[in-house]
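Keep the 3D view open as you read.

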Amino acid sequence: MGQKGVQRPLQKLFSWVRKQSNKVKTFLGVFTVLTLLVALKLLIHEHNHFFVLAEFAHFVGILVLIYKLTTHKTCSGLSLKTQQLTATFLFARLFCSLQIEGDIHTILDLVTLVATFWLIFMMKYKLKSSYMADLDNMKKYVVIVPSLVIAFFIHPRTNNLILSILWAFAVYIEGVSVLPQLRLMQNVKIIEPFTAHYVFALGVSRFFSCAHWIIKVYDTSGSYLSLSGGGFFWIPMIILAEIVQTFVLADFCYYYVKSVMQGQMMVRLPA
């Protein structure tokens with residue numbers, strides 16, 4: 001009874017939002033994001049905690065997929081290419097982290113990488129018959145090649161050029177690694193719960209990471225943009241990569257929350 005009592009006002013809110021013009025929806029979206037950023041700034045004072053939360057949210061999403069594959073014995077609706085791209089940026093970032101300094105981020109990346117390798121193995125071999133290869137049709141080079149080219153020209157300034165390019169490559173790949181999964185979901189239109197939970201967790205992860213950079217720049221009155229890396233290019237490129245993935249996932253997160261509030265198990269994307 002209590003849950004239904006909470007859902008009804010939220011359902012009315014979503015119904016009201018759907019009826020508004022695109023300008024009003026855009027304003028409400030921006031207002032919501034700014035409100036969340038202010039709340040995070042007031043609640044979290046250590047900027048490093050944003051990255052920990054982002055990595056933890058990603059790991060929780062991976063755990064959801066592990067549960068799906070082990071209990072339901074199917075990888076239907078999951079993009080193998082997104083998992084391969086995820087393993088790529090995690091491996092690159094982990095390698096760079098081990099060369100520089102190991103910390104809590106290194107441990108989280110290692111655990112997430114191992115779990116991602118397990119997912120890839122299950123999808124390629126054990127559960128191959130349920131993999132939607134025909135719908136997972138985005139070419140990986142469309143993501144990898146531009147990321148590598150940009151990383152070659154825009155990367156942090158360190159004494160090790162190869163390490164700098166590899167770190168930048170990991171950042172750019174991470175920003176677009178979810179695109180094959182989103183492409184697959186657009187092809188399917190109806191998303192089952194576990195896949196939806198996973199993608200929503202990625203959205204939460206990206207928001208925490210993006211919030212870190214925005215709040216960091218705000219706290220330094222913009223001077224942080226040129227404190228490290230290639231002049232005014234490296235930090236802005238990181239922020240751009242984070243914003244791109246956050247906005248790419250924002251549309252799905254809207255339909256996810258809408259479905260949850262309406263008590264629907266499946267997430268239905270518009271045609």
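Start with Tyr67, which counts as partly exposed because its relative accessibility is 46% (buried means under 20% relative accessible area, exposed over 50%, partly exposed in between, with a 1.4 Å probe and protein chains only). Before going on, note that this is a predicted model, where local features need pLDDT of at least 70 and side-chain atom pairs count only at pLDDT 80 or more, while totals for chains, interfaces and linings use all residues. Residues are numbered from 1 along each chain as its sequence is written, and side-chain values use heavy atoms, with hydrogens and water left out.

Now for the aromatic rings. The structure holds 6 aromatic pairs (rings of Phe, Tyr and Trp, the last by its six-membered ring, pair if their centres lie within 6.5 Å; planes under 30 degrees apart count as stacked, over 60 as edge-to-face and the rest as tilted). One of them joins Tyr67 and Phe194: the centres are 5.5 Å apart and the planes sit at 50°, so this pair is tilted. It links distant parts of the chain, with Tyr67 in helix H3 (residues 48-71) and Phe194 in helix H9, 127 residues apart (helices, H or I with at least four residues, and strands, E with at least two, are DSSP runs numbered from the N terminus). Phe194 is buried, at a relative accessible area of 18%. Then look at Phe152 and Phe153, whose ring centres are 5.2 Å apart with planes at 90°, so that pair is edge-to-face. Phe153 counts as exposed, at 64% relative accessibility. Elsewhere, ring pairs tie Phe200, Phe252 and Tyr256 into a cluster.

On a 1 Å grid over the protein atoms alone, a cavity is a set of points where a 1.4 Å probe fits but cannot get out, and a pocket is an open set with protein on both sides within 12 Å along at least five of seven lines; lining residues have an atom within 4 Å of a point. Grid points are joined across faces, edges and corners, and a volume is the space filled by probe spheres set on the points.

The largest cavity has a volume of about 70 Å³, and the residues lining it include His58, Tyr198 and Arg206. H9 provides the largest share of that lining, 4 residues.

The second largest cavity, at about 30 Å³, has Val171, Arg206 and Ile238 among its lining residues. Here H10 gives the most, with 4 residues. Ile238 has its place in helix H10 and is buried, with a relative accessible area of 4%. Leaving aside neighbours within four places in sequence, Ile238 is in contact with Val171 and Trp213 (contact means heavy atoms within 4.5 Å). The C-alpha atoms of Ile238 and Trp213 are separated by 8.3 Å, though the two are 25 residues apart along the chain.

Finish with the second largest pocket, which holds about 910 Å³ of space. Of the 30 residues lining this pocket, Phe51, Arg93, Ile100, Trp167 and Trp213 are the closest to its centre. H7 gives the most to the lining, with 6 residues.
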